[in-house]
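Good morning, and thank you for coming. Please look at the structure on the screen while I describe it part by part.

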Amino acid sequence: MMNKDLIENIGDNHISTNIETPLLPNAFDKSDDEKIENIKHHFAKIMEELGLDLTDDSLSGTPYRFAKMYVKELFYGLNPKNKPKLSVFENKYKYKKMLVEQNITIDSSCEHHFLPITGHAHIAYIPKDKVIGLSKINRLVDYYAHRPQVQERLSLQILKDLQAVLNTKDVIVMISAKHLCVSSRGIKDKDSFTTTIEYDGAFNNELQRNEFFGIVNNSST
Ligand SMILES: Nc1nc2c(ncn2[C@@H]2O[C@H](COP(=O)(O)OP(=O)(O)OP(=O)(O)O)[C@@H](O)[C@H]2O)c(=O)[nH]1
Ligand SMILES: [Zn+2]
């Protein structure tokens, strides 16, 4: 019998794994409103330092907009209280083959530059005794994506949580994404993108992986 709290929090910082997002122990002591107020103050300073006139009516609301966007939107997935509940159901029908959830939108941010990472995740698992509500896979991806991330860790956090909640190692997570820190600054390569693939269990078998890649490559719905 698996501990429910453990399942709920697997890729999160307060459980000791090597895939956790590095967070301070007091990361969530302040309320969202306090954080927004403080970030608003600091971002106004950044804008002023850049020489922007915050009395301009188009700029005056930007520090608040920016702070709210960080806390409530782009980085809502830092706070475990926002983690989606992953409903699972008994596999009554004994479906034992691969289920693929593909073209899941990735909207994330790179933790090195705080610029967008955008692309798609393709995820498959082979059910044992449990199946998961389909939308919960998309919600889990959305949650972990909405943190400052590196693509490798994002893939692993999703994989580990699904393995725990589904009580099986037979999961594969593939992400292909563009990093604006590569395409819009620095090297400014507009065409390259990054693919990560994490898996275990039955997907260690090349035939099983190839079946997954075949489905992911050949369908467009
Ligand atoms: N492994 C990995 N690296 C990433 C990811 N997102 C961004 N990076 C890289 O993080 C690296 C940070 O390197 P630094 O040399 O410290 O930063 P920089 O001077 O801005 O590097 P350039 O982008 O090459 O200009 C860059 O090579 C980025 O491309 C990611 O998801 N995974
Ligand atoms: Zn970056």
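The shell around ligand 1 is made of five nonpolar residues, four polar ones and one charged one. In this division Ala, Val, Leu, Ile, Met, Phe, Trp, Tyr, Cys and Pro count as nonpolar, Asp, Glu, Lys and Arg as charged, and the others, Gly among them, as polar. What we see is a predicted model, in which local features need pLDDT of at least 70, side-chain atom pairs count only at pLDDT 80 or more, and totals for chains, interfaces and linings use all residues. Residues are numbered from 1 along each chain as its sequence is written, while chains are lettered from A and ligands numbered from 1 in the order in which they are written.

Which residues are around ligand 1? They are Cys110, His112, Val150, Gln151, Glu152, His179, Cys181, Val182, Gly186 and Ile187; a residue is counted if its C-beta atom, placed from the backbone, lies within 6 Å of the molecule. Helices α5 (151-166) and α6 (180-183) each contribute at least two residues to this shell. Helices here are DSSP runs of H or I with at least four residues, strands are runs of E with at least two, and both are numbered from the N terminus.

UniProt, in an unreviewed entry, annotates Cys110, His113 and Cys181 as "binding site". These residues are spread over 72 residues of sequence, yet they cluster in space, with a largest C-alpha distance of 7.6 Å. His113 sits in the loop between β2 (99-110) and β3 (116-125). UniProt positions follow the numbering used here, feature names are shortened, and annotations may be inferred rather than shown by experiment.

Let us turn to the helices. Helix α2 (residues 32-49) has 18 residues and should span 26 Å at 1.5 Å a residue, which agrees with the 25 Å between its end C-alpha atoms; the expected span is 1.5 Å times one less than the number of residues. After α2 comes Gly51, with a positive phi near 95°.

How do α2 and α3 (residues 62-74) pack? Their axes are 8 Å apart, at an angle of about 130°. Axes are lines fitted to C-alpha atoms, for helices over the stretch in contact, and angles run from 0 to 180 degrees between N-to-C directions. The two helices α2 and α3 are therefore oblique to each other, since angles under 35 degrees count as roughly parallel, over 145 as roughly antiparallel, 65 to 115 as roughly perpendicular and the rest as oblique.

Finally, the chain as a whole has seven helices and seven strands.
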